[in-house]
Amino acid sequence: MTTYDVLFTIAGAISVASALLAVSTKHLIHSALWLIVSLVALSGCYFVLGAEFVALVQLLVYVGAVVILVLFALMLTRAPIGRSHEHDTPLMQRAAALVVGAATAALLATVLISAFGNDKKRVDGGTTHALATRLFGTWVWPFELLSALLLVALIAALALARLPIGRRDTARGAVK
Amino acid sequence: MSDFLEIVLRSACVLAAFLVLPLLVGQTEHKVMAHMQGRLGPMEAGGFHGWAQLIADGVKFAQKEDVVPLAADKSVFRVAPALGIVSYLFALAVIPFGPHFFGANVPGSLIWVLAVSGIGTVGTLMAGWSSGNKYSLLGGMRTAAQLVSYELPLILVSASFAIAAGSLSLVGIAHAWNPWWLIWQLPGALVFLVAATAELQRPPFDMPVADSELVMGPYTEYTGLRFALFLLAEYAGIVVMSFLLATLWLGGWTGPFDHAIGWLWVLIKGGIFSFLIIWIRVAWPRLREDQLQRVAWLGLVPIALLQLAITAVGVVVTSQ
């Protein structure tokens, strides 16, 4: 056990525990806040593995933007302070979610253990330079495709937001 | 063992800078604003031109009762002020005062500063929501809307500086700096200054705390030390943003005799930007919410994108 192992285990445990809290808490906003803890701990895992750039972008994008948007959206609803049971899911759904989650975890664990077993691997491919060479070398086409997809989604969202919902005169005609 | 000692020493220096610099900026704000408005500002505390005013303020805040409203979400309410202050402490740790004079040398320190100051905004949101007060909630929502809008131009122009230097590290960027940047990166620097003022929710971008309509926005229900922490976080934010811009656009420690007094250059350059941010507060009236969004999306983002294009062209042309 090196220091890295210990740190990785701690960060991973925090991440998993807060993720569980995020889906099980009865306080609506608390689940978004636990999500922040989980994402920060996950970025800690990336840090320990030496993928500094990925870790920082994880913080910048997920904590700095995505969760803030989630919080903003929650504040626009009637997110109450204290426990609320209005949004509780039925027991069946919870059981199904548990089964799916456990199955995915088992699948991932089996694949990883069968692929790597107990081998010791040096993890050193995560530096910013290495990442950039891979991203803009080997993986440049998927990367460009993804950015085109995001651009299309962005323009579409803008178009939807600016689209007039029902012409004013036709709406008036319908009333008559 | 010497490594350990070095880490402790560096951390202590960062903490000392974090406790001193924001107070200096706060005192400067008191005096500069007062003189710009034809007043004297604090004159009594400490004797000489009221130099101990903020220390007296601190003592006053510490004596006040720490009230948690009955309707508040207590745990979130208590944790919120800490987030803002800790995030700026982390940000200050990577700002270089010289080629070897910094708290920590992270290879991606530019993104580090931007990422951890994003965590600080979560603190404001938590404060706004957990107070159990409609003014606070409105303030929190305005904060979220404003910070998401202004984060984009801030990151875009930071990317422009990083591309120009070919490095994500603040030390690397300061090393790569040359005087041409003063013109080449000028639009980016202006966008950065405006967006940073907005990120700090300083006037004229203080719609979230607009005191004439929202009392004090997300901070309405806070008293005593927790309220002081929010104020301290604001001044720490000015320090971090000013020194960041000084490193990015003015080359940090670069200047005459910089091997001996590099740290002094950083302090002077950062001080200039802190002064500008204070001056902006006095000079412009508060922007309305829609004007605020308009400035971000129709003003700053296009200029930032243009700056990014100019930088990219410049880098490609000069690299051949």
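Helix α3 of chain B bends by about 25° at B:Ala80, and a proline, B:Pro81, follows within four residues. The bend at a residue is the angle between axes fitted to the seven residues ending there and the seven starting there. This is a predicted model, in which local features need pLDDT of at least 70, side-chain atom pairs count only at pLDDT 80 or more, and totals for chains, interfaces and linings use all residues. Residues are numbered from 1 along each chain as its sequence is written, and chains are lettered from A and ligands numbered from 1 in the order in which they are written.

**Helix α3(B)**
- α3(B) covers residues 74–93, 20 residues in total, and reaches 30 Å from first to last C-alpha, close to the 28 Å expected at 1.5 Å a residue (1.5 Å times one less than the number of residues).
- Helices are DSSP runs of H or I with at least four residues, strands are runs of E with at least two, and both are numbered from the N terminus.
- Of the 20 residues in α3(B), 14 are buried (20 or more other C-beta atoms within 10 Å of the residue's own, with C-beta atoms placed from the backbone).

**Side of chain B that touches chain A**
- In chain B, 27 residues are in contact with 19 residues of chain A (C-beta atoms, placed from the backbone, within 7 Å).
- α4 (109–130) and α5 (134–165) of chain B each supply at least two residues of this side, and α4(B) gives the most, with 12 residues.

**Annotated spans**
- The unreviewed UniProt entry places "transmembrane region" at spans of chain B including 150–174 and 262–284; such annotations may be inferred rather than shown by experiment.
- Residues 150–174 of chain B are 84% helix and 0% strand, with end C-alpha atoms 24 Å apart.
- Residues 262–284 of chain B are 96% helix and 0% strand, with end C-alpha atoms 34 Å apart.

Technical notes:
Two residues are in contact if their C-beta atoms, placed from the backbone, lie within 7 Å. A residue is buried if 20 or more other C-beta atoms lie within 10 Å of its own, exposed if 12 or fewer, and partly exposed in between; C-beta atoms are placed from the backbone.
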